[in-house]
Each structure stands twice: as structure tokens, then as C-alpha cells.
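Please look through the sequence and the model shown here before reading on. The report that follows is written for a reader who is new to protein structures.

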Amino acid sequence: MRVTFLGTGSAMPTGERFQTGILVQEDGRTLLVDCGSGVLHRLQQSGVGHENVSTVLLTHHHLDHVADLLPLMKARWLAGEDHLEVVGPQGTKSLVDDLLSVHEYMQDKLDLQIREVVPGEFSVAGFDVSAYETRHSLPCLAYRFGDLFTFSGDSEAFAGLANFAEGSAILLHDCSFPDDVDVSNHPTPETLGRELADREIGRVYLTHLYPHTEGRHDEMLESIGSHYDGDVRFAEDLKTISIE
Ligand SMILES: [Zn+2]
Ligand SMILES: [Zn+2]
């Protein structure tokens, strides 16, 4: 499996990190997880392009995870691609309907399939996926792809999510802010480190990074490391990992 971090930023721009998007590829299958602002450009830079993404899996409906959904639809339509499947938590159908009602000329341009999923097992774009409800200000799902890859979506760190991720070769986890930011709905390094303590995870990548984290990476890793002694790194836009 190949996982490419298209966007490792958040709702506030850093100038370097675009909003959330992750490309998951295996045996010719391609899945885009989340589609925040800038992801359409990163797709092009990754060499995959909008033509080759016919399925999008959403963690939740915050703007920084869905902002490029309509631009993706328009680019696919202009490229002569006639379909797109959008899969996400409850409310995904009305989200897409509402977006299209604002941009009426985009209605009926693509053959859209919308599917709403709940925590548990399902299959999308040929991938077997497990979903787990996170702790966030909107209903949000974390997704796990077998023993290879888990993405936290947006979430506080908590034991249930750490259990869900345990045994993954790669965990991509929200770590939005450094420790001195008082935050709910997202983890800090301290809270994430505590929940990861003693878990078996191959490697952890930190993502959903607010500008507050710039220049603070070393101290954030130290804070996690005071509880969790595994391999932890910062994700970067356009980094690809091969997972066996
Ligand atoms: Zn969110
Ligand atoms: Zn977010």
C-alpha cells in the first residue's frame, strides 16, 4: 500500500501545508480520504491527478476536509470523467446536495454516487475499511485499512481511538497544537503521548498542524516521547510512504 499525505495542515494556513487530504493506493486502486482546500493542486503535484480519483472518503464535514470537493467535481467534469463516488458519515448526502444547490450549474454534470457510512466495517473503492467514531466538534470517523494504515481524522486523543489504531504499521494522527494551547476537540502532544503509551504501532505521523506548531516540532516530539517511546514524526505535504 502507498499512502501520500496531500495536505497536512488545518483550517488556518501555514503557507506550506494545505488542508487535509490523503491518497491511499494499492494494486491499482486509488482512494482519496478528505478533500480540503489545496488538495486538488496537491493531487496534480502528486502525479495522480483528479482524473484518477473516482472515490472520496470523508472523515467529517468541516470545511478544511471538504472545501475542494466541488472543485474536484468540476475538474473531473472538464476532464471528461463522468462519475464520482462520495462516501462519508451521516449527512454526506445533504452536504453534497446543498453544495450543488449553491452552484446549480454543476448539477447533473457528473454521475454522483453518495453513500453514508457508520462506525463498523465497509468496503470502499475496493478497500476494506473499519470506521470508528472520534471525539470532535462534529461527528467524525477515523478509518483503518487492515493492519497497514489508520487515520485518526480530527479528534481528541482518547483510549478508544488508541485501541482502534493499535497494531497499525502507520498511524496518521491529528496533533493540531503544541501543549501551551488550551484546546478541546483536538489533541496536544501531551494528551496524545499519554494515550499512545505502551501501544504497538509501527510509526506515528502527526498531522492537522496549525501555524502554532511552526518552530515547535522538537518540543512537541519531546512531549509525546515523555509518555510514548515509539517512532513519531511530523507528516509533510506530498510525502509518500510504502507500507508492507
Ligand atoms: Zn474538524
Ligand atoms: Zn480539520
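Histidine 208 is buried, as its relative accessible area is 2%, where buried means under 20% relative accessible area, exposed over 50% and partly exposed in between, with a 1.4 Å probe and protein chains only. This is a predicted model, in which local features need pLDDT of at least 70, side-chain atom pairs count only at pLDDT 80 or more, and totals for chains, interfaces and linings use all residues. Residues are numbered from 1 along each chain as its sequence is written, chains are lettered from A and ligands numbered from 1 in the order in which they are written, and side-chain values use heavy atoms, with hydrogens and water left out.

The table sets out the donors of each metal, which are N, O and S atoms within 2.8 Å of the metal (3.2 Å for Na, K and Ca); water is not among the atoms, so sites may look incomplete.

Aspartate 154 bridges the zinc ion (ligand 2) and the zinc ion (ligand 1), which lie 3.4 Å apart. Histidine 65 belongs to helix 2 and histidine 208 to the loop between strand 12 and helix 7, so this pair ties together parts that are 143 residues apart in sequence. Helices (H or I, at least four residues) and strands (E, at least two) are DSSP runs, numbered from the N terminus. Histidine 65 is buried at 0% relative accessibility and histidine 136 at 14%, whereas histidine 62 is partly exposed, with a relative accessible area of 24%.

Elsewhere in the model, 7 strands form an open sheet of mixed pairing in the order 7-8-9-10-11-12-13, where two strands pair if DSSP finds at least two bridges between them. Its edge strands, each pairing on one side only, are strand 7 (120-124) and strand 13 (232-234).
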